[in-house]
Amino acid sequence: MWEKVVISGKDAGCTGVHLLKGIIAQMFLGQFQHNLDEKGRLMIPARYRELLAAGAFITQGFDRCLMVMTDAYFAQVYDRINSMNLADPTARLLRRLILSNAYPVEVDKVGRILVPGNLGQVIALNGEAIVAGQGDYFEVWNPADWNEQMDQLQDIETNNQRFATLDLSRGYS
């Protein structure tokens, strides 16, 4: 039988704050603009580099972007994709999108990763890129496409309709 455990006492709030800070420290957050060199290497923000130290994968994303995931997160995505019904055509398409475009990446000594040429072409990377944190992973965008995304997100009326069904309240069950 499981019971709900409640932290009490003077340090209860502090413990929650430290736990939250620890979780946030393991997340990819923020957006950065970086240049690609002539070999297709992209500078990775310093705070992201340590999160990629154990290894990472880059693959095609869903919105004309690339996704860079830690080994651990990529393994979770792979397990989920692998558990899907192979007879389902949509599952096969997702498998092809993610897995046939996935490449292992390593951060080099100066903090860059190599963007495979075919992936750079998919999103029309040419000299500059936007690196945008998404929590468990980060995305790499062509700046023009990223600006279009930001324009969409600045439309208040559309956002009110778009996000109305999402519940971000603090209720716990």
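**Reading strand β6**

Modeller: Leu114 is placed in strand β6, where strands (E, at least two residues) and helices (H or I, at least four) are DSSP runs numbered from the N terminus. This is a predicted model, in which local features need pLDDT of at least 70 and side-chain atom pairs count only at pLDDT 80 or more, while totals for chains, interfaces and linings use all residues. Residues are numbered from 1 along each chain as its sequence is written, and side-chain values use heavy atoms, with hydrogens and water left out.

Colleague: Is Leu114 buried or exposed, or in between?

Modeller: Buried means under 20% relative accessible area, exposed means over 50%, and partly exposed lies in between (1.4 Å probe, protein chains only). Leu114 has a relative accessibility of 47% and therefore counts as partly exposed.

Colleague: Which residues is Leu114 in contact with, leaving aside its neighbours within four places in sequence?

Modeller: Contact means heavy atoms within 4.5 Å. With those neighbours left aside, Leu114 is in contact with Lys39, Gly40, Arg41 and Val105. A distance between C-alpha atoms is another way to relate two residues: for Leu114 and Ile58, which are 56 residues apart along the chain, the separation is 9.4 Å.

Colleague: What joins the side chains of Arg112 and Asp37?

Modeller: They are joined by a polar contact of 3.4 Å. A polar contact is a pair of N or O atoms within 3.5 Å; within protein, one must be able to donate a hydrogen and the other to accept it, and residues adjacent in sequence count only if both atoms are side-chain atoms. Asp37 also forms a salt bridge with Arg41, with 2.5 Å between the closest N and O atoms.

Colleague: How many salt bridges does the structure hold?

Modeller: The structure holds 4 salt bridges. One of them is between the side chains of Arg64 and Asp145, at 3.0 Å, N to O. Arg64 lies in the loop between β3 and β4 and Asp145 in helix α6, so this pair ties together parts that are 81 residues apart in sequence. Arg64 is partly exposed at 44% relative accessible area, whereas Asp145 is buried at 14%.

Colleague: What is the value of phi in Arg64?

Modeller: As a general idea, most residues other than glycine have a negative phi. Arg64 has a positive phi, near 55 degrees. Ala124 has a positive phi as well, near 60 degrees, and lies in the loop between α5 (117-122) and β7. Ala124 is partly exposed, with a relative accessibility of 38%.

Colleague: Which residues of helix α6 are buried?

Modeller: In α6 (residues 143-153), the buried residues are Pro143, Asp145, Trp146 and Met150. They cover an arc of only 160 degrees around the axis, so they lie on the same side of α6; the arc is that of the directions from the helix axis to the C-beta atoms. These buried residues pack against β1 (31-35), β7 (128-133) and β8 (137-141).

Colleague: Which residue caps the N-terminal end of α6?

Modeller: Asn142 caps that end, with a side-chain oxygen 2.7 Å from the backbone nitrogen of Ala144.

Colleague: Which residues make a nonpolar surface patch?

Modeller: Leu153, Phe163 and Leu166 make a nonpolar surface patch of about 270 Å². Patches are made of residues with over 30% relative accessible area and no salt bridge: like charges are joined within 9 Å, and nonpolar side chains (Val, Leu, Ile, Met, Phe, Trp, Tyr) within 5 Å. Accessible areas come from the Shrake-Rupley method with a 1.4 Å probe, and for residues only the protein chains shown count as cover. Leu166, in the segment after α7 (156-162), is exposed at 52%.
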